Amino acid sequence: MDEALLRSLTPNVLGILVRRGADFAAAEDAVQDALVEALRAWPAEPPRDPKGWLVTVAWRKFLDATRSDTARRRREDLVDEEPAPGPAQSVDDTLQLYFLCAHPSLTPSSAVALTLRAVGGLTTRQIAQAYLVPEATMAQRISRAKRTVSTARFDQPGDVATVLRVLYLVFNEGYSGDLDLAAEAIRLTRQLAAAIDHPEVAGLLALMLLHHARRASRTAPDGSLVPLAEQDRGRWDTALIAEGVEILQAALARDRLGEFQAQAAIAALHADAQTAEETDWVQIVEWYDELVRLTDSPVVRLNRAVAVGEADGPRAGLAALAELDDSLPRHTAVAAYLHERDGDVEKAALLYAEAARKALNLAERDYLTRQAARLNARP
Amino acid sequence: MAKYLLLKHYRGAPAAVNDVPMEKWTPEEISAHIQYMRDFATRLEQTGEFVDGQALAPEGTFVRYDGEGRPPVTDGPFAETKDLIAGWMVIDVDSYERAVELAGELSAAPGAGGKPIHEWLELRPFLTEPPTVTE
């Protein structure tokens with residue numbers, strides 16, 4: 001069964017139900033019920049018209065649910081006349097759904113969950129598994145999110161930046177369990193890019209493609225992290241890189257720079273280097289300067305210090321690092337790296353061990369512990 | 001079936017036999033250790049005895065209520081805190097003996113010199129729901 005096709009139809013079907021007069025929360029429940037039924041029924045009996053099937057089943061689910069409500073709510077008028085499907089406005093519908101699911105009144109975790117379900121067409125169970133929480137918890141998070149946005153109007157224009165932040169969060173969650181969240185984020189960003197012409201949407205899509213292209217080389221067979229400089233560049237996905245670069249160049253040509261385009265430009269410069277030694281660090285530092293100007297984020301300044309260390313030598317990197325708050329995540333790890341490059345192996349080993357204790361995830365902790373061990377094991 | 005919590009301590013457990021901090025191992029020994037832990041969890045998943053496992057960061061904060069309308073008080077980490085949990089694994093097994101057997105295997109994970117760490121793991125039974133049949 002083509003689950004990707006099924007999922008790609010979700011926002012469209014949801015939009016049709018809403019245009020027929022269903023309120024968003026009820027329509028979204030009905031589409032979810034239809035998806036679950038499709039996952040069960042389609043493998044044995046694939047429909048000739050998948051979208052028509054989904055609309056019919058979702059509308060029936062909506063009617064069933066509403067009928068059981070009507071005694072209370074007295075809304076027979078809406079229920080009994082089934083309007084013809086409206087004109088094709090699927091692109092606009094999809095766009096409005098993105099805005100609604102990333103509504104500023106939602107917390108990030110709620111916006112992520114609602115986007116994956118209502119736009120992504122994932123089931124509550126899949127989303128719960130991906131984020132390692134019980135299904136009942138995720139169901140509750142989604143239903144609260146829907147209540148929060150229920151007062152927002154479906155046709156209000158939204159803010160693209162909030163949508164991009166949600167998609168970026170999904171992408172960065174990476175991979176856990178059966179569901180590939182990075183690939184899902186790319187699919188949703190592609191769909192968004194088809195619905196709206198915006199250089200930052202293109203920038204985020206390029207950024208995702210360029211990072212995704214390196215995925216196979218980012219972990220060793222035993223699951224440990226492989227840093228960029230040591231990755232087998234032959235395993236980078238050249239087709240994804242070419243696509244990412246092309247999308248980025250078209251976006252940059254429009255001269256409306258934003259943080260995602262700048263981040264993608266840095267990723268493109270890495271992708272461009274045949275070997276780690278060929279990396280154009282001078283240009284990368286320039287892009288970090290742009291990013292600092294655009295975001296003024298301490299994390300960007302930290303990454304910039306690494307780039308400065310490569311472009312102008314470890315002493316210059318350490319000087320850039322000294323200007324930053326040393327409680328920043330990964331600050332100690334960067335210091336360890338720069339001190340090692342500067343030849344102070346003993347200090348680097350101590351700092352790597354300290355950085356391991358401060359690591360925010362297991363893979364990084366293991367990597368940093370190995371770095372300390374590597375230096376300590378030297379004769 | 002009975003559920004047990006296997007607790008690994010950063011501090012607070014008696015010292016392991018092969019007690020060398022990880023950054024003093026060789027990189028290969030670290031890899032062997034991580035592989036052992038991963039294989040152990042996979043094997044328990046296959047036997048249907050694995051429930052959950054998580055690692056914790058070493059630094060935590062103590063928090064307490066400070067009265068109506070006031071933000072909670074936070075403090076710590078306290079240097080004198082004797083006990084510091086590094087992580088846990090929850091297993092669901094048929095007997096106490098099986099739980100002890102598994103904890104013993106986990107404690108045999110290789111460390112410095114490729115030799116078992118013999119670290120002390122704490123085994124704590126979960127309090128269960130009351131049974132239906134009580135007489």
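1. Helix α10 of chain A contributes a set of buried residues in this predicted model. The buried positions in α10(A) are L181(A), E184(A), A185(A), I186(A), L188(A), T189(A) and L192(A). The helix runs over residues 181-195 and has 15 residues. From its first C-alpha to its last, α10(A) reaches 21 Å, close to the 21 Å expected at 1.5 Å a residue.

2. The largest nonpolar core comprises 114 residues. Within this core, the residues with the most contacts are L17(A), A58(A), A206(A), L210(A) and Y352(A). Helix α11 of chain A, residues 199-212, supplies nine residues, the largest share of the core. Because domain 1 (18-88) and domain 2 (197-270) of chain A both give residues to this core, the core lies between them.

3. Setting aside neighbours within four places in sequence, L210(A) is in contact with I241(A), G244(A), A264(A), A267(A), A268(A) and A271(A).

4. There is also a second, separate core, which has seven residues. Among them are Y4(B), M89(B), I91(B) and L102(B).

5. Chain A gives 13 residues to the contact, and chain B gives twelve residues. On the side of chain A that touches chain B, the elements giving two or more residues are α19 (345-358) and α20 (362-376) of chain A. The largest share of that side, eight residues, comes from α20(A).

6. As to composition, the residues of the side of chain A that touches chain B comprise six nonpolar, two polar and five charged.

Note on methods:
Residues are numbered from 1 along each chain as its sequence is written. Chains are lettered from A and ligands numbered from 1 in the order in which they are written. This is a predicted model: local features need pLDDT of at least 70, side-chain atom pairs count only at pLDDT 80 or more; totals for chains, interfaces and linings use all residues. A nonpolar core is a set of buried Ala, Val, Leu, Ile, Met, Phe, Trp, Tyr and Cys residues joined through C-beta atoms within 7 Å. A residue is buried if 20 or more other C-beta atoms lie within 10 Å of its own, exposed if 12 or fewer, and partly exposed in between; C-beta atoms are placed from the backbone. Helices (H or I, at least four residues) and strands (E, at least two) are DSSP runs, numbered from the N terminus. Domain bounds come from an automatic or database domain assignment. Two residues are in contact if their C-beta atoms, placed from the backbone, lie within 7 Å. The expected span of a helix is 1.5 Å times one less than its number of residues. Ala, Val, Leu, Ile, Met, Phe, Trp, Tyr, Cys and Pro count as nonpolar, Asp, Glu, Lys and Arg as charged, and the others, Gly among them, as polar.
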